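The sequence and structure come first.

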Amino acid sequence: MLSKSTLLSAIGSLLIKEKDKIGTSNHDELMSTVIEKLESIGSFSILNELQHLQSIYNKIPYSTRSNDWRIVCLGLEALLCLKEKLQSETDEAERLLSVAHQRSVRTLLDQIVSFGLQPNLLSGVQPVTQSVLYNSPTSFTDIEKYECLCVVTLTLVELYRNDTFHPIVLPQFLSPILCALCQLTMVPLKKSADTYPRLQQERLIFQQHLDHLVTRLYQPLVIKELMIIEGNKKCPKWLKRGVGKLLTNQLHQPTGVLAIVQAVRDAANCAAPTSTAHLESIAQVITASPDLQKISSQILELLDSSDAEMVRVAVLCIKTLYTRDVTACKTHLLQPLTRPLTHAPSSEQSLSVCLQRLHKCFAIPASDFWCLPSKLLLTHIHVLFQLYCKVYQSACHVLKLVEDLVWCFLSKCEETLLRSVFCSFIFRERIPCIEIADGLEFAFGDGGGIEVVPSQQTEHSLEEFGDCLMILLERRDINGLLGNKLFVSLLEFAAEEKELDTVDMFERQLVTVKLLAVLSESPTVQKSLSRDPEPVVRFLRTMLDNFLMNLNHELEIISIVLVVLNVILNDCVYAKNVPWQVFDGLKEPLGQLKSKTDNLELRLLAEEAHEVIMTRGGVKPERKASNVNKKEDSTRLDANKPFEKTSSCDEALRDACDPLLPVRGHAILQLGKLLASGDRWAKAKKNQILCIFQENLKQEDSFLYLSAIEGLAVAAAEYPDSVIVSLTEQFSRSSLAA
């Protein structure tokens, strides 16, 4: 066996300088020089026997047929001898190669690949980025070219499996090795040929080497090279088909999707493919898999990544598959994504992960391109709202996630669908395509989260759902657009002909009145309605026509809408380019209302609105004007006094004595909220507030009565002695009256 130094010298002798490349005029002289160098160090005779090459593959074409093939064979033999020598060394240091020696080995390998491997690949197998510099010897037949390719490929496989040669061979020569193995295992064979049995048997050996290489190496690197081979425009169909199967198998591995993403990143030579084209190409490759069930869990796991690009890839995968096949997307991605939300039992952890994934898909502030269409939440939006009703008053860590999801859906929901969604939220109406989870409920867990448990048939009042929706609007509806749509939807419901002969319908009517009263007092909703008054005018005309036929029908709702109408008209008086023709349809019903009704409040409201409409704003609303004058007079009287801002409690106490019923009802609700929030002015005036609550218990109007009850329920937590005595007396009087 030759020594290590002798073999390294032989390797150095086999290196051909750029100016002496094979194929030049001094070809024979160059070959003689190489042989003389090898003989001078005493290695030619041993290397020329090609013993190690014969042990790897016994069908080696004669090296004397071509000088360049002869150098390739001598180089392969030298490298195999060096590998065997390094393996036999007992000293760890002797098994290593210096940097200079590694460079020499790498240069020789490059020379071997250029002379012995690339020229023997079929057309289109080699990617266009790796040009073939030298042609195969013309004196070789097709079977001899095949044998040359086998010898070089098997030697390279043998070398990269060695610990010393592995970092030298890979990853620099991975692409030509993959190309060679793919050709040797995928090229169609002629069954009629005499060599068919032998080639078929050898193909099984090369298939084992290909499987080992593909499964043992760094997956993104292998996938990148395979994608480059498949992406070659001149790639033969048999190779494209075979490489496609390899890529599919890699994609179905436990980390296949992540490897595909990283492979595209590496191919793009960047840490993160921020361009849309890169991300879309990744999504197209991933979702092209014929077996989506094997990769669906991997796509959903990408949503758990802290890398924004990984999340975007997952979202684009769902989006791409939804565009291509809605049924497959729902079956393999959307249903597993939302399963913890709709199935009991579900732990805190699983529900938290579910909400975080949904939040990344729908609610992260970004371009709509990076979010899923909000309509995909339609099926589960009622379940999400039910969850929000559970957590909106708590410090639960999923509150922000749920609120963002519900608000994202409502803010992007189509107007034609929005009324049905509101009815589902508030009245629990069963709407097609919206799932109502009757068999489950949400409960607070020990870890500060929420868990899903089987339903215990807990009854919820419609008023709770309405209050929850109003809190959501108060927190998120900054411009009042959604409040405007809710106001119009409630008017539509109120304008419908219905019989209040059941407890359910009566409760719906009370909730409708309450929500309309609260929305009518919202400044943002008032501004939004002033910008587009036509829906209010249209439904008010319908309601007035019904009311004029039955003057005792829906007094509360008519009063609320008239208050809102006067607010709108007051804004129109001081605005420019007002479309007064919108209000013309109210002239006749308002005129009839003020002359027929016996209710003083309705008459005043109707007179104000009728006068403003008839005079096109020439007459300003008297109630508003008088309030303004009072404020101006008060300002003049107190001009010499320091300015004192009126507290919210004082304003609510003043409004609680207002002659208008909706204003009083809203003020009572506001006083209850102030007590619940611990307002210092409300605590200081608790006796006055309790007195107002108690007095309104005697009211026949259901809205005022329920508002007072709600206020007393809040006050009971702070002042149980006074409230319990008052409620007991009220109950006693009711019992005696009965």
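Leaving out residues up to four places away in sequence, Leu 355 touches Leu 341, Leu 384, Leu 387, Val 398, Leu 401, Val 402 and Leu 405; contact here means heavy atoms within 4.5 Å. The model is a predicted one, in which local features need pLDDT of at least 70 and side-chain atom pairs count only at pLDDT 80 or more, while totals for chains, interfaces and linings use all residues. Residues are numbered from 1 along each chain as its sequence is written, and side-chain values use heavy atoms, with hydrogens and water left out.

Leu 355 is also among the residues with the most contacts inside the largest nonpolar core, together with Ile 286, Leu 341 and Leu 410. That core has 246 residues. A nonpolar core is a set of buried Ala, Val, Leu, Ile, Met, Phe, Trp, Tyr and Cys residues joined through side-chain atoms within 4.5 Å. Buried means under 20% relative accessible area, exposed over 50%, and partly exposed in between, computed with a 1.4 Å probe on protein chains only. In soluble globular proteins, nonpolar side chains tend to be buried together.

## The chain as a whole

The protein chain has 738 residues, of which buried residues make up 50%. Its secondary structure comes to 36 helices and two strands; these are DSSP runs numbered from the N terminus, helices being H or I with at least four residues and strands being E with at least two. Among contacts between residues at least 6 apart in sequence, 72% join residues at least 24 apart.

## Helices α21 and α23

A salt bridge is a side-chain nitrogen of Lys or Arg within 4 Å of a carboxyl oxygen of Asp or Glu. Glu 415 pairs with Lys 485, with the closest N and O atoms 4.0 Å apart. Because Glu 415 lies in helix α21 (residues 415-427) and Lys 485 in helix α23 (residues 481-495), this pair ties together parts that are 70 residues apart in sequence. Glu 415 is exposed at 61% relative accessibility, whereas Lys 485 is partly exposed at 27%.

Arg 419 forms a salt bridge with Glu 492, and the closest N and O atoms are 2.9 Å apart. Here too distant parts of the chain are linked, with Arg 419 in helix α21 and Glu 492 in helix α23, 73 residues apart. Both ends are partly exposed: Arg 419 has a relative accessibility of 21% and Glu 492 one of 25%. Helix α23 itself is mostly covered, as 12 of its 15 residues are buried, including Leu 486, Phe 487, Leu 490 and Phe 493. From first C-alpha to last, α23 reaches 21 Å, close to the 21 Å expected at 1.5 Å a residue; the expected span is 1.5 Å times one less than the number of residues.

## Aromatic pairs

There are four aromatic pairs. Phe 385 and Phe 425 form a stacked one, at 4.1 Å centre to centre with 5 degrees between the planes. Since Phe 385 lies in helix α19 (residues 381-391) and Phe 425 in helix α21, the pair ties together parts that are 40 residues apart in sequence. Phe 385 is buried at 1% relative accessibility, and Phe 425 is buried at 1%. Rings of Phe, Tyr and Trp (its six-membered ring) pair if their centres lie within 6.5 Å; planes under 30 degrees apart count as stacked, over 60 as edge-to-face and the rest as tilted.

## Other salt bridges

The salt bridges number 19. Lys 400, Glu 403, Asp 404, Arg 475 and Arg 476 are linked in a network of them.

Arg 198 and Glu 202 form another salt bridge, with 3.1 Å between the closest N and O atoms. These two residues are separated by about one helical turn because they are four residues apart in helix α10 (residues 196-216). Arg 198 is partly exposed at 21% relative accessibility, while Glu 202 is buried at 11%.

## Two single sites

Ser 296 is in helix α15 (residues 296-302) and is buried at 12% relative accessibility. Apart from neighbours within four places in sequence, Ser 296 is in contact with His 332 and Leu 333.

Gly 231 is in the loop between α11 (219-230) and α12 (237-251) and is exposed at 54% relative accessibility. Its C-alpha atom is separated by 8.3 Å from that of Pro 127, 104 residues apart along the chain.
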